[in-house]
Amino acid sequence: MKPIKALAFAAGLLAFAGSAAAEDTFIIVQSTTSTQNSGLYDALLPGFTDKTGIEVRVVAVGTGQAIKNARNCDGDVLLVHAKPAEEKFVADGYGVSRADVMYNDFVIVGPADDPAGIAGASDVGAALGAIGEVQAPFASRGDDSGTHKKELSLWAAAAVDPASASGTWYRETGSGMGATLNTAVGMGAYTITDRATWIAFGNKGDFEIHVEGDAALFNQYGVIAVNPEKCPNVRAEKAQSFIDWLLSQEGQQEIADYTRDGQQLFFPNADPAKVN
Amino acid sequence: MQDFGAAFAEAFRLIVSGDAALMEIVLLSLRVTFTAVFFACLIGLPLGAALAVGRFPGRGAITVFVNALMGLPPVVVGLVVYMMLSAAGPLGVLQLLYTPTAMVIAQTILVTPIVAALTRQVVADLNAEYDEYLRSLYLPRGRMMATLLWDARHSLLTAALAGLGRAFAEVGAVMIVGGNINHVTRVMTTAIALETSRGELALALGLGIILVVMSVTINAALMSVRHTAERHVHA
């Protein structure tokens, strides 16, 4: 009798937990610091919540940590910016499918006196080469985030190995974009940042954008619903309705309409063929 | 640095305007911290008293361990609680991650060793003073612990305040297990971290000033309660 009772209790507990999940009126989005620090979510989410009654709870961490958290089933939606890692997440079965949402670009910022003389360069590879050449201080995220992954790929393309200079002119902060910008401004180091965070950033000091416009600096954001087959606890239906809304004409327009200081921060580019 | 002046102006503006978002954050900070300290006292006071007057094997080792845990880094506690509460963790079914409850759990773990270690010291000192008297009464150990805790209550307030300060000030644990979600798990310290990362240094420092003012107010209030109570005792 005892084991049966225990089983019944466990089943009841599971049913209770299940029903609790079914009644939830929120979803958890694992996302990046860049989208939160720029204020995009504050502008974007109320419209969706008003329309559907679904509250969107954003956990903003680096892309690497966001993906790890989603792999642990601690989120319903993943909205990050590291396409290869996102595709791997889907291929490994953790995500249902991946869709482009929006893009902007990365820029190289640095002190106004520009010790490496890269201002106005349109070739990011040459600019990084010059920074490595004169060993000008460079602050790296060093945190496996989307921006960090992009930065490493740019160094590799420029045939510079900054890891060997770590601790000298190449400084890995191991923190988020905002913290790294604060550090870079504090020690007069170049760094790479997404344009949205940069525009919204309030502690620029005498820093300026030195390099922009290279196609290699393209920054694509993608959205993925966490797979209920891997994670039975996800709120799959609500997650999907959020993603559908993001990719819809309305959601895309809201993204396009978000500006700071008169500048558009994100450019919607969902595939119209996938939009309903 | 004109930032300092701006920070005080920002703090003043936030307080005077009764900013609704700020109120929400402040109230959640207080709720989480006081709940955590309450549970920490529930565990820490008897544990500390037991370590002070109990006679059981391993008491010395446990005392060293509890004292050492006072220095537990919040981020480690946050990580462990995250791994326990994560959907992939052993307690994932409870669905507590990214809720204020998760923050209370993490802070309780942080604060309990502080309360227990300070309680042990206070009760041990008092016990040395009362030793002969208490032994002459032939009290059972449980009654003896209760008596000592009651008599040391004014000094133990300091232990609770030390725990409160720790919980109120830490950011590492609540950031990981709470997620700093707007309107859900954002507290004073995580809001300060967020504004710092947005480069809004004056606003961040303004929030910091408010945090310090609140901490001073709470301490002053509890201390005055203690003084009033003590005067009653000695009157």
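**Domains, chains and a helix pair**

In chain A, the centres of domain 1 and domain 2, taken over C-alpha atoms, are separated by 29 Å. Domain 1 covers 2-104 + 220-268 and domain 2 covers 105-217, with bounds that come from an automatic or database domain assignment. This is a predicted model, in which local features need pLDDT of at least 70 and side-chain atom pairs count only at pLDDT 80 or more, while totals for chains, interfaces and linings use all residues. Residues are numbered from 1 along each chain as its sequence is written, and chains are lettered from A and ligands numbered from 1 in the order in which they are written.

Where the two domains of chain A touch, domain 1 brings 20 residues and domain 2 brings 15; contact here asks for C-beta atoms, placed from the backbone, within 7 Å. On the domain 1 side, α2 (33-37) and α4 (63-71) of chain A each give two or more residues, and α2(A) gives the most, with 3 residues. Helices are DSSP runs (H or I, at least four residues; strands are E, at least two), numbered from the N terminus.

Between the chains, 23 residues of chain A are in contact with 16 residues of chain B.

Now turn to chain B, where helix α5 (residues 100-136) and helix α6 (residues 141-151) pack at about 120° with axes 10 Å apart. Axes are lines fitted to C-alpha atoms, for helices over the stretch in contact, and angles run from 0 to 180 degrees between N-to-C directions.
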